[in-house]
Amino acid sequence: MLITGIKSRPVYDQLQPLPGGTRHIIAGQGSGGRAMLRLLSDMAGLDRPITLLYSQESFSGQDFLAQLQQYPEHALHVHASNQALIDELKTLLGDAHMGTRLYLAGSESFLGSAMQVATHFDLNHDEVLREHSGTLVRRVWCVHCDSYTENVTQRVYDCPGCGLTLVVRDHYSRRLAAFQAVKADAEVPGELPEAEELDT
Amino acid sequence: MSQNNGTLNLRVARIESVTPEIKRFTLVSPTGAHLPAFSGGSHIVVLIANQNNTLRNPYSLLSSPYDTSSYQIAVRRVESGRGGSVSLHDNVNEGDLIEVTPPVNLFPLIKQARLHLFIAGGVGITPVISQLEELRLSKVPFELHYAVRGEEHAQLGKELQATYGEQVHLYRKGIESRMEIGRILADRPLGSHVYACGPDSMIDAALSCARDLGWTDSHVHFERFLEQSSGGEAFSFTLGRSGATIDVSPDQTMLEAVEAAGYSMPYLCRGGACGHCETEVLELDGELLHTDDWLCDEDKSSRKKIMPCVSRAKCNRLVIDL
């Protein structure tokens with residue numbers, strides 16, 4: 001089975017104002033706050049409503065809340081967890097109208113989960129931009145027990161869900177927002193692939 | 001149903017007048033076989049023998065994609081055209097055989113849509129009819145906004161109202177108020193898609209309203225029906241590979257002239273929409289008259305590409321890579 005060299009990881013963008021939008025929603029997490037601030041300065045003078053969503057959950061401990069609060073003219077919704085932000089994003093998009101533009105900034109896990117919501121509402125490539133920040137630690141989905149493991153950095157690891165030793169494939173599923181992992185010695189029991197650090 | 005050169009010979013089972021100008025043709029296989037499957041928004045090309053060449057007119061299918069025992073097309077009689085539609089109206093009778101190409105779809109429904117909005121005018125309703133048929137098995141909501149020139153042109157619209165009820169909004173000139181595209185597109189939920197088919201002015205209005213309201217191109221779909229391919233002034237051009245000179249008469253397209261001269265080239269829509277016939281311009285002394293929806297403005301001004309299915313030239317010399 002092909003393990004490496006699968007080109008399915010999304011190619012992320014750099015946030016910049018999308019033309020024609022009548023409303024802009026900017027959602028970010030942790031170090032993604034830096035890209036949010038850059039985008040806000042690029043949008044200075046834009047006469048369209050901007051809504052900011054920020055989650056303080058961060059792998060590296062970076063927090064841009066204080067800087068984001070320097071923009072009192074834009075509604076700012078702060079969340080303690082990425083999941084809470086994504087729940088609010090779902091509500092927000094459910095009430096939003098055509099003409100909305102969405103900007104996402106943060107970890108790959110955050111971007112993937114937010115894109116699941118955006119895709120549910122049929123937001124297309126000309127309505128959403130995603131900027132990655134921080135490391136490329138992977139969210140991995142075990143094909144055997146259907147559990148997800150965050151922040152995986154090793155090619156071979158033991159699944160906390162079912163205990164099997166798994167190998168992480170370079171196969172990213174946008175539907176699941178995770179890389180796929182399969183039993184590492186399925187072909188020849190006991191024969192494990194070489195351990196290596198993933199390209200984080 | 002015999003096939004030659006990839007075309008189908010179909011029997012005209014029924015011809016009905018649906019407006020003073022539009023006749024509906026029902027086409028079946030002479031052997032009773034099922035016809036090739038198609039999806040909502042598809043069209044076929046009808047081959048119509050003219051004095052000394054064959055006209056190829058595209059017509060949308062308006063029958064149900066879930067029933068391939070027949071195809072239906074609606075043909076509007078265009079007196080000022082090249083004679084294809086007039087020939088179908090005047091010379092084709094029930095029981096006759098006609099030659100058509102298998103269906104192709106350049107105006108499909110978007111499967112991810114959360115709301116479909118159809119904006120149609122006149123005979124532009126035709127692709128929408130099969131799209132609505134396809135939506136019968138879908139739970140995604142839709143609205144049809146359909147403008148016609150008056151009561152006597154409203155039969156297809158009234159048939160649709162009888163089938164789909166309040167989802168069909170009919171705008172008969174002199175009876176209902178004018179269709180306001182800006183209001184139709186305003187405040188729609190995310191994931192809405194608009195499909196416009198009708199006269200150029202209606203399509204252009206839909207495109208401009210959508211843009212003003214912030215709709216992105218990926219949610220806006222349209223199909224122009226050309227007045228049976230743009231005629232124009234006669235001109236000549238050269239095929240770069242064979243050196244052959246092709247004369248284009250005022251009522252011919254470049255593509256038809258190429259075919260009439262015994263050459264073939266790729267095509268699908270014959271309406272400047274699909275991009276199949278895009279051809280490189282090798283030499284040009286004069287102007288290209290672009291009328292397609294395929295090339296971007298940059299390509300059009302580059303003088304390096306042309307869509308021979310609709311576009312023409314006003315030139316002393318034109319050599320294309322064919």
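The model is a predicted one, so every value below is computed from it.

## How the chains are divided

Let us start with chain A, which is divided into domain 1 (23-132) and domain 2 (138-183). Taken over C-alpha atoms, the centres of these domains of chain A are separated by 27 Å. Six residues from domain 1 of chain A and six residues from domain 2 of chain A make up the contact. On the side of domain 1 of chain A that touches domain 2 of chain A, two residues are nonpolar, four are polar and none is charged.

Chain B has been assigned domain 1 (3-105), domain 2 (115-224) and domain 3 (235-320). Between domain 1 of chain B and domain 3 of chain B, the C-alpha centres lie 26 Å apart. Here the contact takes six residues from domain 1 of chain B and seven residues from domain 3 of chain B. On the side of domain 1 of chain B that touches domain 3 of chain B, the classes are three nonpolar, one polar and two charged.

The chains also meet each other: 15 residues of chain A are in contact with 17 residues of chain B. The side of chain B that touches chain A holds five nonpolar, seven polar and five charged residues.

Strands of a sheet pair through backbone hydrogen bonds, and the pairing can be parallel or antiparallel. Chain A has an open sheet of five strands with mixed pairing, in the order β7-β6-β10-β9-β8. At its edges are β7 (148-152) and β8 (156-158) of chain A, and each pairs on one side only. From one strand to the next, the twist averages 45 degrees.

Chain B has an open sheet of five strands too, in the order β15-β14-β18-β16-β17, again with mixed pairing. Its edge strands, β15 (245-248) and β17 (305-306) of chain B, each have a single partner strand, so one side of each lacks a neighbour in the sheet.

| Strand | Partner strand | Bridges | Direction |
|---|---|---|---|
| β6 (residues 138-142) of chain A | β7(A) | three | antiparallel |
| β14 (residues 235-239) of chain B | β15(B) | four | antiparallel |

To find these pairs in the structure, look for single residues. Trp141(A) has Tyr148(A) in β7(A) as its bridge partner, while Phe235(B) stands opposite Val248(B) in β15(B).

Which residues of helix α1 (residues 33-42) of chain A are buried? They are Gly33(A), Ala35(A), Met36(A), Leu39(A) and Leu40(A). Seen down the axis of α1(A), the buried residues fall within an arc of 155 degrees, so they line one face of the helix.

The buried residues of α1(A) pack against several elements of chain A, including β1 (23-29), β2 (50-55) and α2 (65-68). Turned away from that buried side is a face with the exposed residues Ser41(A) and Asp42(A).

## A proline in a loop

Finally, visit Pro36(B), placed in the loop between β3 (22-28) and β4 (42-49) of chain B. Is Pro36(B) exposed, buried or partly exposed? Pro36(B) counts as partly exposed because 16 other C-beta atoms lie within 10 Å. Pro36(B) touches Pro102(B) and Pro103(B), leaving aside residues up to four places away in sequence. Ser70(B) is 34 residues apart from Pro36(B) along the chain, and their C-alpha atoms are separated by 9.7 Å.

Key: Residues are numbered from 1 along each chain as its sequence is written. Chains are lettered from A and ligands numbered from 1 in the order in which they are written. This is a predicted model: local features need pLDDT of at least 70, side-chain atom pairs count only at pLDDT 80 or more; totals for chains, interfaces and linings use all residues. Domain bounds come from an automatic or database domain assignment. Two residues are in contact if their C-beta atoms, placed from the backbone, lie within 7 Å. Ala, Val, Leu, Ile, Met, Phe, Trp, Tyr, Cys and Pro count as nonpolar, Asp, Glu, Lys and Arg as charged, and the others, Gly among them, as polar. Two strands pair if DSSP finds at least two bridges between them. Helices (H or I, at least four residues) and strands (E, at least two) are DSSP runs, numbered from the N terminus. Axes are lines fitted to C-alpha atoms, for helices over the stretch in contact, and angles run from 0 to 180 degrees between N-to-C directions. A residue is buried if 20 or more other C-beta atoms lie within 10 Å of its own, exposed if 12 or fewer, and partly exposed in between; C-beta atoms are placed from the backbone. The arc is that of the directions from the helix axis to the C-beta atoms.
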